[in-house]
4 protein chains.
Amino acid sequence: MTRGRPRSEESRRAVLSAALGLCERDGYQAVTLKDIAAAAGVGRQTLYRWWGEKAEILLEALGELAAEGLAAPEPSGDPAADLEEFLVRTFGSAGTYVGAVVVGVMVDGQGRPELGERVRRELIQPRRGELRPLLDRVLPPEVDRELAVDLVFGAMWYRLLNRHAPVDGAFAREVAAAVLRMAG
Amino acid sequence: MTRGRPRSEESRRAVLSAALGLCERDGYQAVTLKDIAAAAGVGRQTLYRWWGEKAEILLEALGELAAEGLAAPEPSGDPAADLEEFLVRTFGSAGTYVGAVVVGVMVDGQGRPELGERVRRELIQPRRGELRPLLDRVLPPEVDRELAVDLVFGAMWYRLLNRHAPVDGAFAREVAAAVLRMAG
Amino acid sequence: MTRGRPRSEESRRAVLSAALGLCERDGYQAVTLKDIAAAAGVGRQTLYRWWGEKAEILLEALGELAAEGLAAPEPSGDPAADLEEFLVRTFGSAGTYVGAVVVGVMVDGQGRPELGERVRRELIQPRRGELRPLLDRVLPPEVDRELAVDLVFGAMWYRLLNRHAPVDGAFAREVAAAVLRMAG
Amino acid sequence: MTRGRPRSEESRRAVLSAALGLCERDGYQAVTLKDIAAAAGVGRQTLYRWWGEKAEILLEALGELAAEGLAAPEPSGDPAADLEEFLVRTFGSAGTYVGAVVVGVMVDGQGRPELGERVRRELIQPRRGELRPLLDRVLPPEVDRELAVDLVFGAMWYRLLNRHAPVDGAFAREVAAAVLRMAG
DNA sequence: GTTTAAACGAGACGGTACGTCGAGTCTTCTC
DNA sequence: GAGAAGACTCGACGTACCGTCTCGTTTAAAC
């Protein structure tokens with residue numbers, strides 16, 4: 001039996017939406033909990049009650065984004081094409097402000113092991129889990145799957161952080177080709 | 001003709017050394033300009049005069065570290081062994097607290113384009129420049145060098161950030177083997 | 001309609017009290033906003049939110065002091081005695097550390113016209129207003145009231161600043177006698 | 001036996017002149033030792049070597065000003081006119097920025113007994129000494145001289161500090177008239 | 001002339017107070 | 001009892017001035 005005023009779903013959505021919007025406009029680092037509360041028309045205490053810090057809010061927002069755009073990865077007959085398509089979609093999304101938010105969340109997790117663990121579990125591992133079966137279908141058994149995942153997503157993260165070159169579909173196709181070449 | 005009291009080399013070294021020491025003990029994010037000034041026995045204004053922010057201090061400190069441990073990459077007769085040795089050394093160093101400092105500096109550069117550019121120029125590009133000729137000697141001409149560099153260092157950065165697995169000599173050898181496999 | 005947490009009257013009183021106490025112990029010039037915050041057990045930001053500078057805090061504190069010790073100036077039958085009593089009370093108070101605080105506040109107002117205006121309005125003019133009717137009852141109409149006020153309070157201020165002689169009841173009686181002599 | 005380079009009279013004059021100029025332009029409180037050194041084209045150490053603080057510099061500068069405009073107080077046959085003329089000259093000078101500087105110096109002396117003593121000795125007492133004989137010639141013996149001096153200069157200082165009315169020739173004449181009225 | 005030593009301009013140094021900002025908590029009123 | 005508003009404590013930030021110090025240069029008297 002629960003009592004009292006229930007959590008406001010409206011506030012929750014307003015916070016997530018405001019947080020994403022502010023990140024898109026000002027960049028993750030520049031956004032403040034105060035800003036988010038103001039933009040969402042929400043009390044500051046509400047943020048602390050339900051999330052506690054900026055990274056957790058964005059982590060949840062990113063989760064919703066992923067859930068919306070999940071789109072079942074219908075396995076076509078061509079494993080190589082399936083891999084390429086997955087990477088094109090993933091890298092394409094990472095190339096927008098969403099990638100910057102992901103980087104920001106990861107960055108905040110650097111100094112806080114607990115948050116880092118959540119990032120790993122909710123943001124990183126799911127993607128690894130999606131990539132792994134696609135690689136299974138193109139790689140011979142003697143190639144280590146985890147290493148291959150590190151190489152693929154590593155290249156993406158490296159460019160996201162370092163920005164020496166864009167993260168886009170073209171890059172995704174290059175990386176896919178390199179994997180296939182490794183497959184022999 | 002310059003006049004006035006010359007900059008104190010002693011203070012400079014004390015600052016760089018204190019900064020590294022505090023990062024090793026407390027982690028990059030936890031270290032404060034105040035802490036560094038206190039640990040170095042130096043006025044806070046001196047830090048702002050010559051560096052201006054934590055990342056710049058550590059950037060310079062990392063530069064000195066790199067200069068000390070440069071060790072000419074004597075090209076032996078075996079290109080594959082040379083590549084592996086370079087990666088073992090590089091990953092080995094990144095596996096210590098130094099890697100955490102590098103991540104911290106990079107992370108701070110995310111929200112500040114100017115600092116990001118310095119990080120890229122002084123920290124990232126030099127390493128890419130060292131790796132490239134080693135790859136030249138093992139990769140066939142049709143494999144894109146920049147892509148290969150992205151894959152190699154990407155894997156390293158991905159693990160540094162994400163910490164799902166160690167960055168060490170074993171990992172360096174796996175990556176080297178994957179590159180050679182890509183070479184066909 | 002106002003909402004949110006109301007201003008803490010407790011903090012306000014703690015600040016005013018701490019400020020006066022520190023001034024009494026260390027002298028106005030030596031007291032720091034930091035000191036006041038610490039002594040009052042209050043955040044530094046609170047001082048900046050409500051007052052903004054040392055002089056404003058003491059101005060308010062002096063206002064409260066004046067309000068406490070106002071004591072209606074019951075007009076007796078003897079105008080000369082009333083004048084003398086007023087001056088004895090006023091000079092007596094100015095002779096304590098309170099006079100030093102008043103000087104300090106005035107001094108701070110020298111370089112800031114806005115603050116100077118407040119000091120004039122809240123600290124100086126009220127006292128002139130109290131003195132004027134007392135002078136009216138002892139001075140003939142041809143003597144300029146404002147000049148007389150300047151002479152009386154001027155003598156007090158001159159000694160407060162210059163400290164070549166005490167500001168006390170004896171001095172108050174001398175000044176009162178001089179005024180009566182001017183009255184003819 | 002003195003040796004070494006002698007003190008530079010040129011620097012000394014440049015400092016005094018720069019100090020007065022800056023006070024006229026920016027007001028005493030706003031002027032900094034750093035500013036004076038820069039404006040005088042002089043090293044900061046030179047200021048500390050010969051003066052030690054702002055007030056001492058201005059004290060010396062005011063002394064030079066007074067020495068320049070001393071003008072012998074030729075006693076005419078009319079004591080009342082002599083008094084009035086003295087006050088008109090004195091108040092006239094105090095009405096310019098010079099008065100503001102005098103106030104500034106006095107104010108700085110509030111928190112430092114040693115400096116206060118110098119101000120009293122070099123700035124205040126000489127003027128009292130000039131006024132006293134002029135009062136002697138107009139006041140009957142039963143009127144206390146020191147009290148009369150306090151009233152006259154007190155009125156001037158009170159207006160200098162408080163600025164509720166100008167310090168000028170007209171005010172000087174009013175004060176002179178009040179003194180004569182006190183004389184009976 | 002050469003030496004000697006103090007004063008000089010310049011400017012970096014270690015400190016300290018300032019005023020601002022974001023984080024996280026607390027208090028009051030409203031829904 | 002959840003939520004909006006906003007005041008609260010705390011502590012890092014970056015700036016400014018202070019008073020000291022360390023340079024290399026200049027100046028004039030002593031030798």
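Trainee: What do the buried residues of H7(D) pack against?

Mentor: Helices here are DSSP runs of H or I, at least four residues, numbered from the N terminus. Contact means heavy atoms within 4.5 Å. In this predicted model, the buried residues of H7(D) pack against helix H8 (145–162) of chain C, along with H4 (54–68), H5 (79–94), H6 (97–108), H8 (145–162) and H9 (169–183) of chain D.

Trainee: Which residues of H7(D) are buried?

Mentor: Buried means under 20% relative accessible area (1.4 Å probe, protein chains only). Among them are D:Leu115, D:Val119, D:Leu123 and D:Ile124. An α-helix has 3.6 residues a turn, so residues three or four places apart point the same way.

Trainee: Where is the kink in H7 of chain D?

Mentor: A bend is the angle between axes fitted to the seven residues ending at a residue and the seven starting there. For H7 (residues 113–136) of chain D, a kink of about 40° sits at D:Ile124, shortly before D:Pro126.

Trainee: How much area is buried between chain B and chain A?

Mentor: Buried area is the accessible area (1.4 Å probe) two parts lose on being put together, summed over both. Here that's about 3200 Å², with 60% from carbon and sulfur atoms. B:Gln110, B:Tyr158 and B:Arg181 lose the most on the chain B side, together 22% of what that side buries.

Trainee: How many salt bridges are there between chain B and chain A?

Mentor: Look for a side-chain nitrogen of Lys or Arg within 4 Å of a carboxyl oxygen of Asp or Glu. The count is four. B:Arg181 forms one with A:Glu142, the closest N and O atoms being 2.9 Å apart.

Mentor: Residues are numbered from 1 along each chain, and chains are lettered from A in the order written. Local features need pLDDT of at least 70, side-chain atom pairs count only at pLDDT 80 or more, totals for chains, interfaces and linings use all residues, and side-chain values use heavy atoms, leaving out hydrogens and water.

Note on methods:
Helix = DSSP H or I, 4+ residues; strand = E, 2+ residues; numbered from the N terminus. Buried < 20%, exposed > 50% of the residue type's maximum accessible area, 1.4 Å probe, protein only.
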